[in-house]
Amino acid sequence: MSGRWSRESASESGSWRPPGWVVPLFGLAALVLVPWVVLLVVALPSEHRAAHWDIAWAGFDVALALLLLAVAVAASRRSPWFEGAATAAATLLFVDAWFDVLTSSTRAEFVVAASQAVLVELPLAALCLLLARDAERRLLLALLERSGAQRQLPLRLVGDKGSSSRATAA
């Protein structure tokens with residue numbers, strides 16, 4: 001199996017399966033990061049002055065703005081890219097909140113960063129993830145309806161948000 005979604009794989013197994021190398025590769029990558037993180041915590045100084053700090057943050061915010069624009073464009077076009085754009089935007093919003101709070105150097109900066117994180121970035125990230133999940137379900141249902149495999153779905157997927165008249169089990 002190629003690891004991509006197909007009508008055959010939907011009707012055969014009822015779910016997408018990644019290529020066999022994905023689980024060991026990403027599992028190994030996660031395990032390798034554990035000692036690396038311990039080394040960083042022990043070896044790195046608590047404070048560090050960085051060149052191009054302004055450009056780094058401006059570049060990050062440009063990337064975030066472009067992703068938020070991609071979410072808007074994908075949503076307006078009802079594009080299958082919406083799920084990926086929303087997930088990527090959520091990721092950058094979480095990262096932005098994390099680093100804004102942890103790199104605050106004064107109490108005032110911390111209050112502003114924490115407020116932005118709690119009131120804007122984290123709720124928007126959560127919304128992006130919920131929208132991405134909904135888009136994934138709707139794309140899956142559309143694909144399965146076209147392939148005639150809907151009868152094989154668990155009831156809780158089929159009954160989501162009025163996309164089918166069948167009752168939900170969840």
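Helices here are DSSP runs of at least four residues, numbered from the N terminus. The model is a predicted one.

**First selection: helix H3**

Select helix H3, which spans residues 53–76. Display the side chains of Trp53 and Trp57, which are four residues apart in this helix and therefore separated by about one helical turn. How far apart are the ring centres of Trp53 and Trp57? The centres lie 5.9 Å apart, and with the planes at 70 degrees the pair is edge-to-face.

Trp53 is partly exposed, with a relative accessible area of 46%. Trp57 has a relative accessible area of 19%; buried means under 20%, so Trp57 counts as buried.

Trp57 and Phe60 are three residues apart in helix H3, about one turn of the helix. Showing Trp53, Trp57 and Phe60 together displays one aromatic cluster. The structure holds two aromatic pairs.

Move to helix H5, residues 107–147, and select Asp134 and Arg138. What links Asp134 to Arg138? The two form a salt bridge, in which the closest N and O atoms are 3.0 Å apart. Both residues lie in helix H5, four residues apart, or about one turn of the helix. Arg138 is partly exposed, at a relative accessible area of 43%. The salt-bridge count for the model is one.

Definitions and conventions:
Residues are numbered from 1 along each chain as its sequence is written. This is a predicted model: local features need pLDDT of at least 70, side-chain atom pairs count only at pLDDT 80 or more; totals for chains, interfaces and linings use all residues. Side-chain values use heavy atoms; hydrogens and water are left out. A salt bridge is a side-chain nitrogen of Lys or Arg within 4 Å of a carboxyl oxygen of Asp or Glu. Helices (H or I, at least four residues) and strands (E, at least two) are DSSP runs, numbered from the N terminus. Buried means under 20% relative accessible area, exposed over 50%, partly exposed in between (1.4 Å probe, protein chains only). Rings of Phe, Tyr and Trp (its six-membered ring) pair if their centres lie within 6.5 Å; planes under 30 degrees apart count as stacked, over 60 as edge-to-face and the rest as tilted.
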